[in-house]
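Student: I have a structure to look at and would like to learn how to read it. Could you take me through a few features?

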Amino acid sequence: MQKIASLAFIAILFLSPVLTRAQTQLLKGKVLSDSTKEPVPGATVRVKGQPGGTSTGADGSFELTIGGKASTLVVSSIGYETREIPIRDGELTIVLKSASSSSLSQVVVVGYGSLKKSQLTSAVADVKPEDFNQGGAKNVLDLIQGKVSGVNITRQSGYDPNSGANIQIRSATSFTGSNSPLIVVDGIPGGNLDLLQQDDIASFDVLKDGSAAAIYGTQANGGVILITTKKGRPGATQFSYDSYFSKLYVRQRPSFLKPGEFADKVNSGSLPASYLQYPYTGRTDMFDSVVNHDNLSNYHHLSMTGGGPNGSYRASVYYSNFEGIGKADSRQQYGARLSINQRGLGNRLSAQLDLVTNYNKGNLQSNNMPDGNIWLLALNRIPTLPTRDSTGAYYSQNGVPNPVSDLAQETFLRDQSTNSANGRISLDIWKGIKASVFGSITRDSWEDNQYWDQLSDASRYDGDYPKGGYAYKGSTLNTQYAFTPTLEYNQTFGDHTLSAVAGYNYQYEFNSNWYASNKGFQNDLTTTYNLGAGDALGAGKGSEYSYKESDRLIAFFGRVNYDFLDKYMLQATIRREGSSKFGANHKWGDFPSVSAGWDIAREAFMKNVGWVSQLKLRAGYGVTGNSGIPDYQSLVTLGTGGQYAYPDGVYRQTWGPNTNPNPNLKWEKKAETNLGVDFSLFNGRLSGSLDGFYRKTSDLLDDFNTQNPPYIQTTIYANVGSISSKGVELGLSGVVMKGRDFSWKMDITFSTTSNKVISLSNELFQANFFTTGGIPGAGALGDAFRFTPGGKVGDFYGKKFAGLDTAGKWLFYKADGKTKASLANTTPDDYRVIGNAIPKVYLSWTNSFNYRNWDLRIFWRGRFGYKILNSQALSYANPSILNGNPMQEAFTTYRGLKDGYAYSDYYLQSGGFFKLDNITAGYTFRLKTRYIRNLRLYVSASNVAIITKYKGNDPDYVPDTFDGRNASQPGLDGIGAYPYTPSSRNFLVGLNLGF
């Protein structure tokens, strides 16, 4: 027995290497792209169900030692569909399909997670870089303007590099709260857009309806936009450099008289005798003088990415210098972004860290002049006034600003620094169960410096300190913290897939501000850097101010998704949230949602309908809230009441309550129902979605009158009233032609929305109507809009024009609609709804062509079915009241008018337009070198042409959404009243380089 045992032991020693070789296998292969047939570096290759794995090299090849029982490989890479490949002998060649080649397999980011596009049951839109707008983005939201149906983006100040974009999803939801969507950047709620550059963004995901947005609770009444930035990818290090240079040209200027035209009017006696008091030696086109004809903007972005099997990184740096069409409009910025991803514990532990910084310096002078908007000053100034007097000094006259000297002698600069850090750690606890912790901090601070020289008009004619100089300095700090632990569950049981997420969210925001101003400076040497050198502060005629405020938000949330056979889908969410902003009796609220989907194309009775790839019906209902209001509205706050002399002769500051407390103050609630259908036809050649929705916002927040006593103040901030909106949205994407060398793709978005005011009263507070929207320009004509139960949001309310009498005097219809009366005999009882400022229809149309190495994109965009008040004509084209430089229309279109200022539908004009917004053409070089991955040169033109009947400014620059009673109002052509920038065309030359 001992001899037999010994022989067996020796046999095992000899056979063990053979047995080991039989239990393991060295697998070799290469991963290629289906579209380019080129290697895919950095792709992850692993055995299904096992930790570990490897990554492909620069040539797409890989080697992986696997166990003898392994049967399936999982191959994945960013931008491609994940594939599962049966393991077989020999070298493997694995072809990955681009994610865009199968839109149903694309991953879409939703609140606190992601889903395949085919699994969505709510109204969610996804925009990838290949669909972004071309032409250079001054604000990252420009990238998706016109790309998502129901999402309306307006840039009122055009290409002003310091202006933001006004964005609204599915129309207004509030009178005084926020109407803007919640922006979430890489999981950071309220993410700062200054920290984003166009080449760092991987996707925009828009949660449009209540069932999708409810998981964000009181921040989601206006919808949610999730922005995901690009992350690192394993493999050899890759660099990308993106750059462009652009130049602006004035496309349209208001038709005020030019110097020669004005002189002709004076000489012909067309202008009143009062104009003869001015000197007429000047012939400077003042508007042209404030245009920055030498503007040249440039943008540079360098990124690098790489990594290995257990980690990756991506880093980018950028610099841009954007110059506007005005000499006082510029923004210079630079910054960096770093993203690190690392895996450990057999790929069960993952960690991600993002660090971002941005510094910018902006010139804000154009819209912060002491005399008003620089463009209006230039247009309305007597154009034959000289720029300089006989001594060579700037010509100056009290009450007649000189825009050229204003630009030279007044400044307003802002230095801003924004920094953000966020991190996430995730652990796969058990099969299908993952725990994560996310945290972020964002710090945004800026300092403003404004100075008027001693010889500036503002200082020269100051009533207290003539020729004394003026300085203003202010600083603001905003800090936001977020902390979110979550627990996720994902499991497949045969044909059933179940996923769930539960979590806790804590947010804290802190704001502080300080500013001081002084005047009476004896020289201009120290400007804003020695405020104490002025005389006004010591005499009590300067100003100092500071404040601090903060708020907290706490929430518990959960979501469950169920999928059966990729055919039947169900989703339910709940969020319970508390906010420090609301009253003691309503600190907490619940926000539920439910939605379902049915893909009819997967039913047995559709198996012979081969031209239908997807036909999914969706239905959803969700409740969201609105906490976008100022802090401390539910509490009694104290304010100063002025300084008074006490019996001892000393002046002391008084204090008293300046708000009424409201312990019942709560958030506005919006309940929304959405019905939709997603479809993909003809093997993906035509795809799109159609949605119809109805939403009602109740418990609207607004100021209401109170009785004194028992209330302390005359108004209280309370929840009263409701509004509703309904609409239809359509998005289409189709491949019109696709050949070996040529392809033509077309994308169309369409939306129409109708709003209605339901109520403005409850049992405690009543209001029959309210007005808003001060009419811009001359005349002090009151408000343009009236909100009435049963009426629409954006209704113009005023007099109905009935013509001019034989003397050129106004005639308006009385309340009966037949009788005509003069201006003096028309009363508010005769007023009526005379138009609406909210567009009924939004439309965009994109055509993308590719021929061999050439690409061409043509983008049209339009708004239809609404009115704009031509306040330019109202204020500056009335021939009977001419102040300063009039418009040409005073002597043509309106020459028969011989009466005073009046607001009526006479000045309401169709605001509809269809604009050729962008044309971009590019050429991609196919270089046979391993040092350059891609090289593309392109040219672009933006704001090329417009078709419109509107006679004022570019209607695209006029606000088109109601953003609250205290914001810029829709349909008011705001020259003089709001920031105004002339319409301009943008021409651009750009480069995309990968190496």
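Student: Which residues is T924 in contact with, leaving aside its neighbours within four places in sequence?

Tutor: Contact means heavy atoms within 4.5 Å. With those neighbours set aside, T924 touches N853, D855, L935 and R936. This is a predicted model, where local features need pLDDT of at least 70, side-chain atom pairs count only at pLDDT 80 or more, and totals for chains, interfaces and linings use all residues. Residues are numbered from 1 along each chain as its sequence is written, and side-chain values use heavy atoms, with hydrogens and water left out.

Student: Is T924 buried or exposed?

Tutor: Buried means under 20% relative accessible area, exposed over 50%, partly exposed in between (1.4 Å probe, protein chains only). T924 has a relative accessible area of 16%, so T924 is buried. Across the protein, 50% of the 995 residues count as buried.

Student: How many residues does the largest nonpolar core have?

Tutor: A nonpolar core is a set of buried Ala, Val, Leu, Ile, Met, Phe, Trp, Tyr and Cys residues joined through side-chain atoms within 4.5 Å. The largest one here has 64 residues, and F175 and W375 are among those with the most contacts inside it.

Student: What is F175 in contact with, beyond its neighbours within four places in sequence?

Tutor: Its partners include L700, L701, F787 and F962. Another core lies apart, with 22 residues, including F132 and I225.

Student: What does the C-alpha trace of the protein span along its principal axes?

Tutor: The spans are about 130 × 70 × 65 Å.
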